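Biologist: Please take one part of this model, the place where two of its chains meet, and go through it closely. I would like a connected account with the cut-offs stated.

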Amino acid sequence: MIAGDRNPWPALGRVFLALSYVFLFLPLVLLVVFSFQANRFPGLPLQGWTLAWYEKMIDQGTLLPALGHSMLVSPAAATVGTIIGFFAAYALNRFDFPGKTVLLGIIALPILIPPLILGVAFLGLLARVHLNGTLFSIFLTHVVLVTAPALSVIQLRLSQMPRQIEEAAWDLGATELQTLMRVVLPFAVPGILGGWLLAFTFSFDEFIIAWFVSGFDQTLPVAIYSILVASMEPTLNAIGAIVFAISALVLIGIEVLLLPLLFRKDTEEA
Amino acid sequence: MTAAAAGDAAIGAPARARRMRTPNDSPLKILCLAPIVIWYAIFFGLPLVFLLWIGFWRVENYQSIPDVSLQNYQEIFQNWVVKSRYGLAMLQSFWVASTTAAIATVLSFLIALALVFAVPARRQRLALLFVIAPFWSSYVLRLYSWQTILSKNGVLNSMLKAVGLDDWRLEIIYTQIATRVGLVHFLTPVLVVILYVTVINIDRTLIEAARELGASRWQAFTRVILPLSRFGLITAASFALIMGLGDALSGALLGGGAGASVLGKYPLYSAMLMTDYASSTNLPRTSALATILVVAMVAMMALGVWVAERARRRVSE
Amino acid sequence: MTEASDQPDLELLSVTKRFKGFTAVDEVSLKVRRGEFVAIMGPSGCGKTTLLRILAGLETMTTGQLRIRGRDVSDVPVNLRSTRLVWQNYALFPHLDVFENIAFGLTLKPHDKAVVSGRVKAMADLVGMRDFLDRRIGQLSGGQKQRVALARALVTEPEILLLDEPLSALDAHLRLRMQGELRRIQQALGVTFIYVTHNQIEAFSMADRVVVMNAGRIEQVDTPERIYTFPKTHFVARFVGANNLFEGRVSAVDERHTAVACGHGTVTVTNRGATPAVGETVTVVVQADRMRRAAAGGPGENTVPVTLKGREFAGSQNIYLFDGLDGTEIKLVAQESMGSAAVMAVNASMTVHFSPEDASIIGYAGPAAAPAADAPAQAPAAVSAPPVQAPPPVQAPTPEPAGAAP
């Protein structure tokens, strides 16, 4: 900035940033490392590499079925939430109507209300209609939770769509439905995929609602918690490594496929 | 064209205006909003109504019976400071959540500042992505990993032992300090995003102008960056506070249920609510407890808004 | 220009659009012949784009009526209208290639692929995009996008093509080329063009008739030549070209000239048709490039004493800015190279001159009265554009003592 004035802050900032990364990644890295270590309790000294915990996890019998449940519930909830979110995002992007701000606020509420409270509330309703304790009930409640994040990503994409593109389609003779399917939907595809991935993550990691609502068909976070309160088990490291791998895939998918599309300045616009 | 024809057209106009649809007046408006409104009404609005209502039910012989009784609330407030000590748990929750929010906000603000000012612009997005990455991994698993790190013979303490610093053993597992560690780790990625967006949008020429006018770096920070980040900081802190109050997991797994803090060995309200339901399956009482938490949070937010408003008015006067 | 049929292709009857708090389009009436190229010109916010969107069906009217080839289309929604709009930013579909963009309007109903393909290719030929049919939209230049947008609209065989500042995003050179192209395509197809622009060069060089709009109202509808030479209202005089306006009161009228007493003396103006009455308040309009800077005026010329306030060199042109005796701002454009321009001090006193032939009078209760009164009335006259009035034979007007002010 000023000649001869040495600025120590950028260097300090980078050191601080490095320490922050250590803090943020420490639990993730250690969890994966100790999933391959023979130690009964994670700690030093390391006792050698092994796949024993993975074998034990496969034999153990609750974690893998729980992963299966999660891989059933989360994609389903993400898909329904994304479909609902797409149509709502389209309407919110295009139309004006009284109470729009209030509606936007209500749509965001499920992410702002602590999931603990939602969990108790969902249980109250579902127990009343005898739907509690099933995977289906988790699906129903997770859709509420994941719709808002999916919607916000899709809305971000739709807000990049010049209004004239839709008008051009009408002007050329397309009906509103034709315009929606042939112009708006293709334009929104990156947002829809991004919204789906975000929705999937929200549902896949969600613990407390699933804890209240699920019965014997536990999702993965609930199953992990059940084991965790009983004892510390390195089989958790093994399942954790698998779950982190899934999350990393989602994250790479978002970074490589979607962020460039989502944040690209549209060259098509004048 | 004659004046009469113009008049005719003008007279015929209002009826026509009603017949032609404007782009804002389309059946799609209703059709596209219907799914979200219906789903929210049934699976979001209705459960919240049930939450309120079930709080007034009775429990007899382990059966919930629809009623309008204050039995649950009486029971809770009778045990406010004795026996189950719900009130002390509430106090513990507010203490832990507010200190956590402060720590997490400061930490995240420093990370955001470092990202904006110490990382070259081309690498910033990647650097930010790495900060956000932990958010995408399972929260329960991260807490489990922190357990293995912080526990008495865990990774940290065994490392200290290995280098001969046995006297420096960390004894924080199953205290509210460990609870805060888990919460801060959970909150940081989200708060960094909020604060990064805030800081990156500060016009760099303002900082240069301040420096040009003779401000030191510290003055440029306190007089320009900090005031312009105020809204983002308030947003981040409020978000952290709400999340901290509502979170049950870190308190249960790292705080060990009733972890110690300077206030004493009390559980967090939300963790207590969870164990209370797990042991009793008394849904009416749990609903009442949840309702009280909602009311307390709304009251706190209202108080926050009121204080902020008063402070703002005093400044503007 | 194609032959005028007695039925107008497009007819606007008192079209009005009110938004909350202001009127964007105010009682606009206009008739357009088939195959005519009409430019709607005005400053931003004058309502020209709103009017175009009303024609397209993207905006509703508050009152009024809209007829295309005699049919009342006021209630016809946008996708059923026979008009097509070309946008300023092209509004091409980014996810489709050039062929798919042009074909879009033809593929909305059950269609024969071979027929569509043939028509798309023929239209691509006409706009010169035949070799680019499989390009993505992002790979096109601005001019190419403009051609695709034009082809996409024209391939559906609209009765009327609406263009919303289609050239404003192009650079100057390309804009000039596209002006010629647009005119060629319009004449080849014989489609009525309604062309909205704020650029008077575009309007004047392409249009058969120009509509000047201001504050939602039509100020003047006429051929480019007549609008330029004989603006009818203050607004048009100020908006079009570079005109000098002298406010004054009519002091004398004879069969050849009208004398107007202005702040700096009396000026004479050659009569054209009706004349104002003595005593009326009027405005004399003189184009800046008809003013001459000289020590003395020619015989019969008006002389205006001025002080120099500034000068701009614009290559082959010099623009002088003066103040009149009463403070009126006076502009003079001289075709002289930079070097030949005389060096003069600011605030130097001098005289400028203009011929009575080159001046016109506006703002009196005659044929070119206030726009509010004549906007609907001028429409029928405009249907068949009157030929440009031949300039009166050049002759030295009788010198009037009052005209040659000291």
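Modeller: This is a predicted model, in which local features need pLDDT of at least 70 and side-chain atom pairs count only at pLDDT 80 or more, whereas totals for chains, interfaces and linings use all residues. Residues are numbered from 1 along each chain as its sequence is written, chains are lettered from A and ligands numbered from 1 in the order in which they are written, and side-chain values use heavy atoms, with hydrogens and water left out.

The part to look at is the interface of chain B and chain A. Counting contact as heavy atoms within 4.5 Å, chain B brings 87 residues to it and chain A brings 93 residues. The two chains bury about 7800 Å² between them, and 80% of that area lies on carbon and sulfur atoms; buried area here is the accessible area (1.4 Å probe) that two parts lose on being put together, summed over both. Of the area that chain B buries against chain A, 11% is supplied by Trp136(B), Tyr144(B) and Arg217(B), which is more than any other three residues supply.

As for polar interactions, the interface of chain B and chain A holds 10 residue pairs in polar contact, both residues being at pLDDT 80 or more. A polar contact is a pair of N or O atoms within 3.5 Å; within protein, one must be able to donate a hydrogen and the other to accept it, and residues adjacent in sequence count only if both atoms are side-chain atoms. Salt bridges between chain B and chain A number 0, where a salt bridge requires a side-chain nitrogen of Lys or Arg within 4 Å of a carboxyl oxygen of Asp or Glu.

On the side of chain B that touches chain A, helix α2 (residues 27-54) of chain B gives the most, with 19 residues; helices (H or I, at least four residues) and strands (E, at least two) are DSSP runs, numbered from the N terminus. The residues on that side of chain B comprise 64 nonpolar, 17 polar and 6 charged, with Ala, Val, Leu, Ile, Met, Phe, Trp, Tyr, Cys and Pro counted as nonpolar, Asp, Glu, Lys and Arg as charged, and the others, Gly among them, as polar.

Over all chains the structure holds 0 disulfides, a disulfide being a pair of cysteine sulfur atoms within 2.5 Å.
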